[in-house]
Amino acid sequence: MTTFRDLKLSEKILHALERAGFEHPTPIQAQAIPPALAGKDVIGTAATGTGKTAAFLLPIVERLAARPGRPGPRALVLAPTRELAVQIEEQLERFGKTLHVRGALVIGGVGMGNQTRTLREHEVVVATPGRLVDHLQQGTARLDGIEVLVLDEADRMLDMGFKPQLTRILSRLPKVRQTLLFSATMAGEVADFARAHLRDPAKVEVARSGTTAERAEQQVFHPGQHEKLPLLLALLEDDELSTLVFTRTKRRADKVAKVLQRAGHKVARIHADRSQAQRRMALDGFKDGTYRVLVATDIAARGIDVAEIGHVVNFDLPHVPEDYVHRVGRTARMAASGRASSFASPEELPLLRDIEGLTRKALPKVEVPRDRATFQAELKRSAEAQASPGAGAQPAGFNRNRRRAAAHNARRGGGGGGGAARASGAASGGGHAARGGGHAPQGGGAAGGSAKPKLVGSWGGKRRR
Ligand SMILES: Nc1ncnc2c1ncn2[C@@H]1O[C@H](COP(=O)(O)OP(=O)(O)OP(=O)(O)O)[C@@H](O)[C@H]1O
Ligand SMILES: [Mg+2]
């Protein structure tokens, strides 16, 4: 079995890994770290939740610590969302601190002053493209000392949405550098980009692009559009798992969150129209269990690492099949298990076919529990609310939850006023049965592959839109 020591990492990094509880390298780490340490370009594909972040951060830290260079940024990591950039920077701090390799977090939605200072002094820039371009325009970032470029979620970073910013950033980077691309899905522009910008890359493919998380148990329901909310409420009743719900639009996320909240669930929402402070509070509250449910757009689909998410619900199917793989990958990370339920209404069947084509798996169908009381009550409530908007009918389960909350308050000697009953969110009052386990470090067997990169070229398929 490969060990971190076999990968020729320095003692200081080995200590940091030990402190982080990383006992053995995961397969992508075992296979991508050696070529990256040797200075080669790398294209790394491995399933969600299998440690790709450390696979690119460890070689960077090692390289920068071993070879002192000019002051200022020497490595640049680009990520598609602020939350993911924050997370990568936090992981960098875990490994880089003792080696004096520091990160400058450059993301939108917060002030630029502090970023300008760290951009001058720190060695690794972890950025979302838009804000980095702002700094380039204002002359507060210099990238001419960059030795290593990482595109995390490379296929997303290279799609049309980021193209203009990425082109501007690339034009400011030295031509001679090391480039590392990582993702669980490698489609679309990746092959073209690699041909144009990488030199003889090591293609490390632990899992074929599009492979879903191994321990995620997946299922699909076929509700009508109007049955999706009743179905979600019924599913939330089945367990107390931390649940991440994906909707197609920001407005739908708001609507779903509102209904869940009225039904007594502790729920937060995250999408691009919310302020950075609201986004951070939502994610932090979801991580620490304040909220049992997080309703999100695809902004939360990629890279976000919350150990205890037990259930991912695709309230709407994603339009791009790759996003399905990433959404599902928010659960069942590392050694954890999890469940993913997808709601495919008749209009969404073509999307389901695309997903099944990409993942090369037919999703098992499960019957919509139409005879469940919660389902029927919510169906009735929403029909009534539609017939007479503003009538104020409460979502299914609301009254029962209020009663439960009042009883709970009475037991605790609380006043039991309406406000307290609402705030207590009785539906998730039992705490999260699934929480607290955390990640068991990767077991031995999984890391048993050879340290030699596997040269496989099947990652270059065209994205279907
Ligand atoms: N060798 C290891 N031993 C134990 N835990 C690890 C190891 N490597 C990574 N982890 C942990 O596993 C979790 C998942 O890692 P990471 O976020 O890097 O996955 P990923 O492959 O980038 O997933 P995604 O495709 O969703 O972005 C993190 O909590 C990380 O700290
Ligand atoms: Mg990742």
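Me: How do the residues of the shell around ligand 1 divide into nonpolar, polar and charged?
Reply: This is a predicted model. In it, the shell around ligand 1 holds 7 nonpolar, 12 polar and 3 charged residues.

Me: And how many residues surround ligand 1, and which are the closest?
Reply: 22 residues surround it. Phe22, Thr48, Gly51, Lys52 and Thr53 are the closest.

Me: Where does ligand 1 lie relative to domain 1 and domain 2?
Reply: Between them. Domain 1 (5–205) and domain 2 (216–387) both contribute residues to the shell, so ligand 1 sits between the two.

Me: Which helix gives the largest share of the shell?
Reply: Helix H3, residues 52–66, with 3 residues.

Me: OK, stay on H3. What span should its 15 residues have, and how far apart are its end C-alpha atoms?
Reply: At 1.5 Å a residue, H3 should span 21 Å. Its end C-alpha atoms are 22 Å apart, which agrees.

Me: Why call H3 largely enclosed?
Reply: Because 12 of its 15 residues are buried. Among them are Lys52 and Thr53, which also belong to the closest residues around ligand 1. The buried set also includes Phe56, Leu57, Leu58, Pro59, Ile60 and Val61. Glu62 and Leu64 are buried too.

Me: Switch to H4. How many residues, and what reach?
Reply: Helix H4 covers residues 82–96, so to speak 15 residues. From first C-alpha to last, H4 reaches 20 Å, close to the expected 21 Å.

Me: Which residues of H4 are buried?
Reply: Arg82, Glu83, Leu84, Ala85, Gln87, Ile88, Glu89, Leu92, Phe95 and Gly96.

Me: Now strands. Is E1 covered on one face or on both faces?
Reply: Both. E1 is residues 42–45. Val42 and Gly44 lie on one side, Ile43 and Thr45 on the other, and all are buried.

Me: What does E1 pair with over 4 bridges, and in which sense?
Reply: Strand E6, residues 178–183, in the parallel sense. Ile43 stands opposite Leu181 there. Strand E7, residues 202–205, is also joined to E1 by 4 bridges and runs parallel to it. Gly44 has Val204 as its bridge partner in E7.

Me: There's an open sheet of 7 strands too. What's the order?
Reply: E10-E11-E9-E12-E13-E8-E14, with parallel pairing. The edge strands are E10 (267–270) and E14 (365–366), and each pairs on one side only.

Me: What holds strands of a sheet together in general?
Reply: Backbone hydrogen bonds, in parallel or antiparallel pairing.

Me: Back to this one. How many bridges join E9 to E11?
Reply: 4, with E9 (residues 242–246) and E11 (residues 293–296) running parallel. Phe246 has Ala296 as its bridge partner in E11.

Me: And E13? Why is it largely enclosed?
Reply: Because 6 of its 6 residues, 338–343, are buried. Gly338, Ala340 and Ser342 point one way. Arg339, Ser341 and Phe343 point the other way.

Me: Which strand is joined to E13 by 6 bridges, and which by 4?
Reply: Strand E8, residues 216–221, has 6 bridges to E13. Strand E12, residues 309–314, has 4. Both pairings are parallel.

Me: Which residues stand opposite Arg339 and Ser341?
Reply: Glu217 stands opposite Arg339. Val313 stands opposite Ser341.

Me: How does the chain cross from E12 to E13, and with what hand?
Reply: Through helix H13, residues 321–328. This β-α-β crossover is right-handed.

Technical notes:
Residues are numbered from 1 along each chain as its sequence is written. Chains are lettered from A and ligands numbered from 1 in the order in which they are written. This is a predicted model: local features need pLDDT of at least 70, side-chain atom pairs count only at pLDDT 80 or more; totals for chains, interfaces and linings use all residues. Helices (H or I, at least four residues) and strands (E, at least two) are DSSP runs, numbered from the N terminus. The expected span of a helix is 1.5 Å times one less than its number of residues. A residue is buried if 20 or more other C-beta atoms lie within 10 Å of its own, exposed if 12 or fewer, and partly exposed in between; C-beta atoms are placed from the backbone. Two strands pair if DSSP finds at least two bridges between them. A crossover is right-handed if, with the strands pointing away from the viewer, the path from the first strand over the helix to the second runs clockwise. A residue is near a molecule or strand if its C-beta atom, placed from the backbone, lies within 6 Å of it. Ala, Val, Leu, Ile, Met, Phe, Trp, Tyr, Cys and Pro count as nonpolar, Asp, Glu, Lys and Arg as charged, and the others, Gly among them, as polar. Domain bounds come from an automatic or database domain assignment.
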